[in-house]
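The entries follow the order in which I looked things up.

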Amino acid sequence: MPLLGYANWPNFETAIHRAMTTAEVSESASEDHFIEVSKVLTIGSRASRRVRDYMITRYACYLIATNGNPRKQEIAFAQSYFALSTRKNELIEH
């Protein structure tokens, strides 16, 4: 989340859900790329609560970056990185 410039979980989760939709519509099994896990956060006076989190694949990271807010420098960098990597692989394959 912070690596892609998000400080707020609900905003980041919106990008995750858009990415999951992209995976499902393109007939990739989103559950193979977005593995829902939970973690325990400590909040004030030793209280804790369980929160949702995700373990993601490189493909999922790509989809999150392409579905993220391009005004965020980190998202723009990630989008550029994935576009250049794709082009590089295309050139290598030919």
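**Entry 1: a histidine and its contacts**

I began with a polar contact of 2.9 Å that joins the side chains of H33 and T57. A polar contact here is a pair of N or O atoms within 3.5 Å; within protein, one must be able to donate a hydrogen and the other to accept it, and residues adjacent in sequence count only if both atoms are side-chain atoms. I noted that this is a predicted model, in which local features need pLDDT of at least 70 and side-chain atom pairs count only at pLDDT 80 or more, while totals for chains, interfaces and linings use all residues. Residues are numbered from 1 along each chain as its sequence is written, and side-chain values use heavy atoms, with hydrogens and water left out.

I placed H33 in helix α2. Helices (H or I, at least four residues) and strands (E, at least two) are DSSP runs, numbered from the N terminus. Is H33 buried or exposed? H33 counts as buried because its relative accessibility is 19%. The cut-offs are under 20% relative accessible area for buried and over 50% for exposed, with partly exposed in between (1.4 Å probe, protein chains only). I then listed what H33 touches, leaving aside neighbours within four places in sequence: M55, I56, T57, Y59 and A60. Contact means heavy atoms within 4.5 Å.

**Entry 2: the two strands**

I checked two bridge partners in β2: F34 has I56, and K39 has V51. Three residues lie between the strands of this hairpin, and there G44 takes a positive phi near 30°.

E36 lies in β1 and is exposed because its relative accessible area is 52%. Apart from neighbours within four places in sequence, E36 is in contact with R52, D53 and Y54. The C-alpha atoms of E36 and M55 are separated by 6.5 Å, with the two residues 19 apart along the chain. S48 has its place in β2 and is partly exposed, since its relative accessible area is 47%. Not counting residues up to four places away in sequence, S48 touches V40, L41, T42 and I43.

**Entry 3: the nonpolar core**

Which residues touch the most other members of the largest nonpolar core? Of its 17 residues, these are L4, Y6, F12, I16, F34 and I64. α1 (9–25), α3 (58–67) and α4 (73–93) are the elements that give two or more residues to this core, and α1 gives the most, with six. A nonpolar core is a set of buried Ala, Val, Leu, Ile, Met, Phe, Trp, Tyr and Cys residues joined through side-chain atoms within 4.5 Å.

**Entry 4: the largest pocket**

I asked how much space lies in the largest pocket. The answer is about 210 Å³. The lining consists of M1, P2, L3, L4, W9, F12, I16, D53, Y54, I56, C61 and I64. The elements that give two or more residues to this lining are α1, β2 and α3.

For the terms, a 1 Å grid is laid over the protein atoms alone, and a pocket is an open set of points with protein on both sides within 12 Å along at least five of seven lines; lining residues have an atom within 4 Å of a point. Grid points are joined across faces, edges and corners, and a volume is the space filled by probe spheres set on the points.

**Entry 5: a loop residue**

Last, I looked up E27, found in the loop between α1 and α2. E27 counts as exposed because its relative accessibility is 74%. Its phi is near 65°, a positive value in a residue other than glycine. Most residues other than glycine have a negative phi.

Key: Pairing = 2+ DSSP bridges. 1 Å grid on protein atoms, 1.4 Å probe; cavity = no way out; pocket = protein on both sides within 12 Å on 5 of 7 lines; lining within 4 Å.
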